[in-house]
Amino acid sequence: MARTAAIGIQDFGKLIKNNCFYVDKTWFIRQWWENMDDVTLITRPRRFGKTLTMRMVEQFFSVDYAKEQAVFEKLKIWQDEKYRKMQGTYPVIFLSFSSVKGRSYEAARVMICQIFTGLYARNRFLLDGDLLSESEKEYFHSVCDTMEEYTAMPALHRLSEFLCRYYKKKVLILLDEYDTPMQEAYLCGYWEELTGFVRGIFHAAFKDNPYMERAILTGITRVSKESVFSDLNNLEVISATSRKYETAFGFTEEEVFEALEEFGLSDRKQEVKYWYDGFCFGKQDCIYNPWSVIHFLGKKKLGAYWVNTSSNSLAGKLICEGDLETKLIMEDLMVGKSFHTQMDEEIIFKQLNRKKSAVWSLFVASGYLKIVKTIQNRRGKQEYVLALTNREVLMMFDDMAMDWFSSRRREYHEFSDALLSGNKVFMNEYLNEIAQETFSSFDTGAKPSEYKQPENFYHGFVLGLIADLRSLYQITSNRESGYGRYDVVLDPLEQTDGDGIILEFKVQDTKCEKSLQDTVKTALRQIIEKKYAAALLAKGMRRERIRIYGIAFHGKQILVDGGALSE
């Protein structure tokens, strides 16, 4: 009889005791322990079993679970006598940053402090007797939701010390979803403040901590060392290309096919492979999405179970605000093509708005893209051929695009049609209607960080609407022409007889522009004074066949105006 395909259980003991479906990954415990790395950072896409694995490690080693040997008795790790003796013998600090999603630095800081406060509350037994000095007890009591940074930063270090003293054994520290606060900080504009705080916590907990035996951190991204891991020369990073633990997260094809046999679904193998296979870790190029596979086992129905719009908000922002090249690459990917790029697996968030390779690195780490091929260029650097991971990811991006650029009353192509015909009334009506719905999902600069560029958001928004004109126009963005760099030029292909079109985007400067009309006039004046039409004229296009448009923005308000260059 098939086990129950339970969804969302993150308590390892509960999963095993209730005979729920579980692919035995307990060998990871032995492999990790024998590698003897001080601090291990493992990056994998969301919902790939990171939390369950961390709970497994906690419940295997923690003294709090010393009487839970039955949980492991039928699993692979229990076959090794050495590890049977290690079960339940270490003090363990387990914490997760998965819920730290504050809209401001202060909110995020309080959330982290609340997590530390909970850890101290669960270990209040340390206050009994004379284990701690009076000053140490005073510090213990000072750990609270509203504590200052100087109290919070050493909190993990000092708790490690207290537990080590009590149990006379060094501590294991397990930090799950370490990078969730960083992604939220980037999205909400308080990156520098948060990373300074987290850097202090990590330095105290993982670098200068003689009371720590070993540690594991998990997350989706490998955040740049300069951001939060400076001076951590004891960090072993396990990314998507690492051979270590390459099958510990996600399901191998053999494991999936065995599961399909157990659930009487062996005739669905190729469908499941098409939808959920494609993830690549190390040299393993047939890793399946476990979250979706378990959903399929339970529901016996194919679907995009991995899709979660809130978790995909950063990916959506980067595509929506991306330049023309980014949008065209995404369009090619969605019709099954691949592309060649350089990439660094270390994510530097401050480069996401200006360095395309940083975006592709994030997408690979998140599981949206897979590495099809690795190439070494003439300079000895690694380059990669990337493609969408599988059908489920394709469905996610397709739904994302529909959410951005469609509404119940408008068709996607209507803006392009209005642009080609020069219908300014319709263009204004369309953009303002779509903006009311779409812009509410993205930060258009109400509180921008130094990395946020609201004009790029609007630029990317319009580029997404005209990407379907590629069959009629060569669309270029941010190229030199005349005395400057234009925003967008649509140059008709030879077989068409369309007009050349120049678009210039401007966010209203309320200090010197009283209305959007003033902003549009500034944009049109810039096109003319900087001679952005020079490239089109040089090809022999007549002035009367070139149309120029200024597109002005202020929040959700948009104004389009312009006409023939000769007017």
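A polar contact here is a pair of N or O atoms within 3.5 Å, where within protein one must be able to donate a hydrogen and the other to accept it, and residues adjacent in sequence count only if both atoms are side-chain atoms. The model is predicted, with local features needing pLDDT of at least 70 and side-chain atom pairs counting only at pLDDT 80 or more, while totals for chains, interfaces and linings use all residues. Residues are numbered from 1 along each chain as its sequence is written, and side-chain values use heavy atoms, with hydrogens and water left out.

Of its 567 residues, 56% count as buried, meaning under 20% relative accessible area with a 1.4 Å probe, protein chains only.

Next, select D277, in the loop between α13 (269–276) and β8 (279–281); helices (H or I, at least four residues) and strands (E, at least two) are DSSP runs, numbered from the N terminus. Is D277 buried or exposed? D277 counts as buried, because its relative accessibility is 7%.

Then show I287, whose backbone nitrogen lies 3.5 Å from a polar atom of the D277 side chain.

Finally, display the residues in contact with D277 (heavy atoms within 4.5 Å), leaving aside its neighbours within four places in sequence: E253, V272, D285, C286, I287, Y288, T389 and N390.

Conventions. Buried means under 20% relative accessible area, exposed over 50%, partly exposed in between (1.4 Å probe, protein chains only).
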